[in-house]
Amino acid sequence: MNTTVVAQLQRQFQDYIVSLYQQGFLDNQFSELRKLQDEGTPDFVSEVVSLFFDDCSKLIDTMSRSLERPDNVDFKQVDSGVHQLKGSSSSVGARRVKNVCISFKECCHVQNREGCLRCLQQVDYEYKMLKTKLQDLFNLEQQILQAGGTIPQVDIN
Amino acid sequence: MGMAAESQFHVLAVDDSLFDRKLIERLLQKSSCQVTTVDSGSKALEFLGLRQGIDSNDPNALSTAPVNHQVVEVNLIITDYCMPGMTGYDLLKKVKESSAFRDIPVVIMSSENVPARISRCLEEGAEEFFLKPVRLADLNKLKPHMMKTKLKNQKLEEIETTSKDENGVPTAVVEPEIKDSTQVEIEILPLQQDLLLVQQEEQTLSTNNKRKSMEEGISTDRARPRFDGIATVF
């Protein structure tokens with residue numbers, strides 16, 4: 001094992017994950033998830049995150065269809081979708097996505113179709129952005145493991 | 001983990017969201033529990049052995065033996081509140097109305113902080129109400145509840161042999177934990193509270209003084225160094 005390479009990668013990983021927290025992509029709940037991962041369940045976080053992104057994609061699709069026709073918007077359906085998305089983004093620690101959901105819910109309540117469409121677009125953008133970031137993070141993890149190192153425990157306050 | 005099945009707490013987790021089920025399952029496993037997950041209230045009742053379509057107003061119907069004659073020991077039920085069909089609240093009611101299962105502690109989870117909802121559930125007999133996302137720290141609150149059921153079942157088995165007083169718990173308290181030394185290491189904090197709680201109950205101290213007594217009890221009862229040696233899980 002090349003300790004320099006491992007140390008470099010670990011440093012990179014640490015810096016990257018800290019930046020994700022600082023930029024508001026992730027919050028404390030993500031570190032709670034990482035605590036649940038261990039040698040017996042090394043893929044837990046990536047699996048859960050993957051489920052989350054699948055959910056995002058499906059819910060955004062459904063909500064988009066509900067919002068399609070200006071004269072016939074099923075706000076209940078949209079609200080239900082946002083509710084689910086807000087819940088799972090909160091459980092995963094996807095802070096930006098969750099925050100958009102909060103505004104999204106408001107738009108649903110007042111039946112503001114334009115507002116909903118804007119929020120929908122934003123949610124779509126945010127989840128895809130997070131997906132890319134986390135993919136990079138998981139790749140770094142893999143590189144560390146392949147180089148024979150261990151993934152650092154990062155304490156976020 | 002190498003633990004005998006009998007010494008593990010068995011939790012039935014109910015949530016219609018796959019994502020949430022995966023999460024609660026991992027949380028519970030990490031808390032050394034055996035977990036069964038189902039995606040609806042009706043499946044939960046099926047698992048417990050309560051037949052479907054039973055009139056819940058008829059207590060006799062629910063107290064009859066389960067259809068499959070299997071003894072499914074569930075030490076705790078944790079359920080989402082918002083579910084299509086049977087809500088977590090409906091499930092709670094059905095469990096509490098059943099003479100066979102009303103002693104199983106039920107915990108409700110919800111992503112929404114609605115005080116009226118929370119008090120409704122607690123009034124109906126829910127032990128705890130957790131706001132999602134549920135965390136490891138929340139689950140530690142459940143240990144005393146699970147021990148209560150576990151001990152009750154043990155008591156029923158060992159009813160002749162166990163020496164008991166009013167509370168009938170002292171001997172039994174120590175046993176399940178000692179069986180599994182790894183569990184003692186990790187779970188030492190809640191266990192201490194339980195042992196002390198029991199000892200204080202014996203001395204019939206008032207509830208108000210319990211906290212104070214527990215703190216005093218720690219220094220005299222167990223060797224302090226034991227705490228220092230433990231690496232915190234959090």
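A: In this predicted model, the sulfur of Cys56(A) has its closest cysteine sulfur in Cys101(A), at 7.7 Å, which is too far for a bond. Cys56(A) is buried, its relative accessible area being 0%. For Cys119(A) the closest cysteine sulfur belongs to Cys107(A), at 4.0 Å, and this is also too far for a bond, because a disulfide requires the two sulfur atoms to lie within 2.5 Å. Cys119(A) likewise counts as buried, with 7% relative accessibility. Over all chains, the count of disulfides is 0.

Arg26(B) counts as buried because its relative accessibility is 8%, under the limit of 20%. Apart from neighbours within four places in sequence, Arg26(B) contacts Leu36(A), Gln37(A), Asp38(A), Thr41(A) and Phe44(A). With Asp38(A), the side chain of Arg26(B) forms a salt bridge at 3.7 Å, N to O. Helix α1(B) contributes the most to the side of chain B that touches chain A, namely 8 residues. That side comprises 7 nonpolar, 1 polar and 6 charged residues.

As for the interface as a whole, 14 residues of chain B contact 21 residues of chain A. The buried area between the chains is about 1,600 Å², with 64% given by carbon and sulfur atoms. In chain B, the most area is lost to chain A by Phe19(B), Arg26(B) and Arg135(B), together 39% of what that side buries. Between the two chains there are 4 salt bridges, and 5 residue pairs are in polar contact across the interface.

How values were computed. Residues numbered from 1 in each chain as written. Chains lettered and ligands numbered in written order. Predicted model: local features only at pLDDT ≥ 70, side-chain atom pairs only at ≥ 80, totals over all residues. Heavy atoms only, no water. Buried < 20%, exposed > 50% of the residue type's maximum accessible area, 1.4 Å probe, protein only. Contact = heavy atoms within 4.5 Å. Buried area = accessible area lost by both parts, 1.4 Å probe. Polar contact = N/O pair within 3.5 Å; in protein donor to acceptor, adjacent residues only side chain to side chain. Helix = DSSP H or I, 4+ residues; strand = E, 2+ residues; numbered from the N terminus. Nonpolar A, V, L, I, M, F, W, Y, C, P; charged D, E, K, R; others polar.
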